[in-house]
Amino acid sequence: MPEKNSNHDLDELIRRRTQVELPVEVEQRLRGRLMEFRARVEQRPPDRWRTLAYSLMHQPALRVMAMAAALLVAVTVGVVLIPRESGASQVFAAAAAQLRTSPSLEYTIVLNAEPYVAVDFSYLAPGYRRINCSWGIEVRTDGATGRQIVLMHAARTYLLESGKQVESQANIEDFAGQLRSLPQKADEELGEQWTGGKKLIGYRLRNAPPNGSIPGLKALDIWIDAGRREADHVDITVQERGQPAHQMHIRNIRVGAEVNRSLFDLTPPVGYTAIAVPGGKERASESGSSQSIPVLQARIALGAPLTAVVMPMQGPYARTRSALQAVQSYLNTLHVIPAGPPFGRYESERNWDAGYPVPPGTSAAAPFKLISLPATLTASAGVNGGWGQDSSARWAAFLKSVVEQGYLPAGPPMEIWSGDDAQPAHQSTEMRIPVTKAQ
Amino acid sequence: MNDRQREYERLIAPIEDRMMRAVWRIGRDPNDAEDAFQEALLTVWKRWDSIVTHPNPHALILHICINAAHDGLRRRVRQGKWIQEGAIPENIPDSSASAVQDMSSAEQHGQVLRAIGLLPKNQARAILMHAVEEVPYREIATALDCRESTVRKHVARARTKLRTLLSNLIPAVHKEETSNA
């Protein structure tokens, strides 16, 4: 009895000293975690077979029978029916089949993380496609009716096209086509990893899928959510001869999910100006005004690397001239002679820069910045005339030519200006943009 | 409502408050408690399919929460954090009786937890489940997947050690009980 009392006293002491109220702010934090957890549980795929197995195994009377039955099933399935196919191979095959047959597909290709350069793709059967680039260009295509709209959001202009040209462009397979034509088996299994509560199994393809070719492809690593048997993300390593390897990433893959149909709307947004295409059947008339578009042929080639001092900018592009003057003054103080004509790179009005190429070994201090752009596949075209003249129209023509040649923009656009500042008639502009093969 | 939603309603919803309190009682630091709670939820997620079919899922989930919080407690005890935090400062700003009482209570709380943090894992978790969460021996045994006699043995050994470590506090309980009466 004394020992019982003593136990009671001790338990009481522990209970009392640990009975504390949960502060409201802590409860809010923990409830937040619970809500995240609940959402994750509700998305967890059902596992009826495992549930059945556990329920059998927890009934002692049935344990022997269940084990015998499981053994029999395992032997039958493992030895007789699928003797050569591993579980991991089945996961890959299931994900590949789902990609092939799914009526919709959405994903983001991250071409560069810093600065963020990415393209969002949306596909919806039978032929709706949308490509939305982080640098403000969007292409919406309806393959069934052969119509397409190219939106240049920065310039608030659009190009509406239809006919055979669009049909041929709609047939250009992008990464969606490659994802939708994965082979039945991968070349290599990369093992498992846990990310965000998900078990991912990695697979490597050393060659591009049948519907596409990626120049310099070294490895295409597909990570599949083992629970849902769906592609989670893809890492693509590319290394062209004599060039350093670089990686692209396909993220936010959504297979078979409901796609917002307004993404494929071909109606020009309010306030956008149409750009008319010479010889094009359909001329935009909705806005009443239109810009004429010159005929331009983009030249695709491996661009040279560039080292430059730039002034990082945000705000209206009209401040380009003052940015260049600041860089020029700074280079004068360093006694550095520019190695080429001035240029501007325009990702968005929140993030752009302008500057001069400089010789190797030049340094720069804030607010100026030294940048080194690697050699990369680049589209370029030159136009004569005053700098900034017909900017929207010629960029539209230039990008149209890029897409027609089977390439997609893969980075911010750039303009390089040559000529005499005082004589617009003797000025010329080179348009340049990094590109990647669309198939 | 799908199967998973029903499972959550059956397994977690009824004991959400108990889970949070169980972690907080042992953690007593907002960041440590949140870390321990997240760790516990991760374990529950990984073992979800076995929890669904467990004969006493609530005891098992509480056990997982206590384990996670106790791991944090052991780390803190090893680092000597409790000793510093539990100490009474030399200058108590408010010298009224209630302030001193509060301070004393906080010190005793720290001392109890520190003592539990010094126990071997099985003993600590068994005594926390039994004395703090008031889970019956049989249910603790189911959660720990061991015999009831084993749980009793862990609790008995824990009590023996705690009695020594907390000998100065045990009379205080008698005293409080007497004064309350």
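Helices (H or I, at least four residues) and strands (E, at least two) are DSSP runs, numbered from the N terminus. This is a predicted model, in which local features need pLDDT of at least 70 and side-chain atom pairs count only at pLDDT 80 or more, while totals for chains, interfaces and linings use all residues. Residues are numbered from 1 along each chain as its sequence is written, and chains are lettered from A and ligands numbered from 1 in the order in which they are written.

**Chain B as a whole**

Select chain B. Eleven helices and zero strands make up its elements. A residue is called buried if 20 or more other C-beta atoms lie within 10 Å of its own, exposed if 12 or fewer, and partly exposed in between, with C-beta atoms placed from the backbone. By this criterion, 38% of the 181 residues of chain B are buried. Two residues are in contact if their C-beta atoms, placed from the backbone, lie within 7 Å. Of the contacts in chain B between residues at least 6 apart in sequence, 71% join residues at least 24 apart.

**The contact between the chains**

Now display both chains. Chain B contributes 37 residues to the contact and chain A contributes 32 residues. On the side of chain B that touches chain A, at least two residues each come from several helices, including α1 (3-11), α7 (97-117) and α11 (170-180). Which helix supplies the largest share of this side? It is α3(B), with eight residues. The side of chain B that touches chain A comprises 21 nonpolar, seven polar and nine charged residues; here Ala, Val, Leu, Ile, Met, Phe, Trp, Tyr, Cys and Pro count as nonpolar, Asp, Glu, Lys and Arg as charged, and the others, Gly among them, as polar.

**Helix α3 of chain B**

Select α3(B). The expected span of a helix is 1.5 Å times one less than its number of residues. Highlight B:Ala33, B:Ala36, B:Phe37, B:Ala40, B:Leu41 and B:Val44, which are buried in α3(B). These residues cover an arc of only 140° around the axis, which puts them on the same side of α3(B); the arc is that of the directions from the helix axis to the C-beta atoms. An α-helix has 3.6 residues a turn, so residues three or four places apart point the same way. The buried residues of α3(B) pack against α2 (24-43) of chain A, together with α2, α4 and α5 (57-78) of chain B.

Select residues 148-165 of chain B, helix α10. Its 18 residues should span 26 Å, in agreement with the 26 Å between its end C-alpha atoms. The buried residues of α10(B) are B:Val151, B:His154, B:Val155, B:Ala158, B:Arg159 and B:Leu162. Viewed down the axis of α10(B), the buried residues fall within an arc of 135°, so they line one face of the helix. The face turned away from that buried side carries the exposed residues B:Ser149, B:Thr160 and B:Thr164.

Next, select B:Asp145, in the loop between α9 (137-144) and α10 of chain B. B:Asp145 has a positive phi of about 55°, although it is not a glycine. With 9 other C-beta atoms within 10 Å, B:Asp145 is exposed.

**Strands and backbone features of chain A**

Turn to chain A and select A:Asn252, which lies in strand β11 of chain A. A:Asn252 is not a glycine, yet has a positive phi of about 50°. A:Asn252 counts as partly exposed, with 14 C-beta neighbours inside 10 Å.

Select β16 (residues 343-348) of chain A, which is joined to β17(A) by five bridges in an antiparallel arrangement; two strands pair if DSSP finds at least two bridges between them. Two residues separate β16(A) and β17(A) in a hairpin, and A:Tyr346 stands opposite A:Trp352 in β17(A). Three bridges join β16(A) to the antiparallel strand β21 (residues 414-418) of chain A, where A:Glu415 stands opposite A:Gly344.

Continue to A:Pro367, in the loop between β17 (351-357) and β18 (369-373) of chain A. A cis peptide bond, with omega about 10°, joins A:Ala366 and A:Pro367. Most residues other than glycine have a negative phi, and most peptide bonds are trans.

**Confidence in chain A**

The mean pLDDT of chain A is 75, and 73% of its residues reach 70 or more. Over residues 74-85 of chain A the pLDDT is below 50. Where pLDDT is low, the predicted coordinates should not be read in detail.

Methods: pLDDT is the predictor's confidence in each residue, from 0 to 100.
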